[in-house]
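Here's a quick briefing to read alongside the model. Have the viewer open and follow along.

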Amino acid sequence: MATSVVSVHFDRQERIRMTGGRGRSVPPRELARDPENWPEAAIPDHPQARVVQAIASSLTSHMTREGLGLRRVAVVSGVNRQAIANLLAGASWPDVATLSRLEDGLGVGLYPGVPGPGSRHC
């Protein structure tokens, strides 16, 4: 059976829009109009960055409401403290395992529109 190879070229803007790989080399915060105003800054052209922004806002609100610091969140969730700080700062794209551990450890839904930890809905 013959195998064919297809070569595809993506420009920088296309890579930024792509979900994996090099598309995530630009942190979500940098896709905002005013990155210094993260997580409240407008992100008009990147819905996935807006999801990360909503997760960061939800986590920040929960931590403030409950009086939790990074260390406590790390202990209850099993997520590295630096990974949590990067998420809050919009410096990284959280993966599913990180989000699930945070939700389960805190007992709250952080993903937009989900009332409780996502694992409870599976």
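P39 sits in the loop between helix 1 and helix 2 (helices, H or I of at least four residues, and strands, E of at least two, are DSSP runs numbered from the N terminus). Keep in mind that this is a predicted model, where local features need pLDDT of at least 70, side-chain atom pairs count only at pLDDT 80 or more, and totals for chains, interfaces and linings use all residues. Residues are numbered from 1 along each chain as its sequence is written, and side-chain values use heavy atoms, with hydrogens and water left out.

- W38 and P39 are joined by a cis peptide bond, with omega at about 5°.
- R29 also belongs to the loop between helix 1 (12–17) and helix 2.
- A polar atom of the R29 side chain lies 3.3 Å from the backbone oxygen of P35, and the R29 side chain reaches the backbone oxygen of A89 at 3.3 Å.
- Leaving aside residues up to four places away in sequence, R29 touches P35, E36, W38, A89 and G90 (contact means heavy atoms within 4.5 Å).

**Helix packing**

Two packed helices are described by the angle between their axes and the distance between the axes. Axes are lines fitted to C-alpha atoms, for helices over the stretch in contact, and angles run from 0 to 180 degrees between N-to-C directions.

- Helix 2 and helix 4 (residues 81–89) pack at about 115°, with axes 8 Å apart.
- That makes helix 2 roughly perpendicular to helix 4 (65 to 115 degrees; under 35 is roughly parallel, over 145 roughly antiparallel, the rest oblique).
- On the helix 2 side, V52, I55, A56, L59, T60 and M63 meet I84, L87 and L88 of helix 4.
- Helix 3 (residues 70–77) and helix 5 pack at about 95°, again with axes 8 Å apart, and are therefore roughly perpendicular to each other.
- V73, V76 and S77 of helix 3 make that contact with R101, L102, G105 and L106 of helix 5.

**The largest pocket**

- The largest pocket has a volume of about 300 Å³. A pocket is an open set of points on a 1 Å grid over the protein atoms alone, where a 1.4 Å probe fits, with protein on both sides within 12 Å along at least five of seven lines; lining residues have an atom within 4 Å of a point. Points are joined across faces, edges and corners, and the volume is the space filled by probe spheres set on them.
- Of its 12 lining residues, V51, V52, I55, P94 and Y111 are the closest to the centre.
- Helix 2 gives the most to the lining, with four residues.

How values were computed:
Polar contact = N/O pair within 3.5 Å; in protein donor to acceptor, adjacent residues only side chain to side chain.
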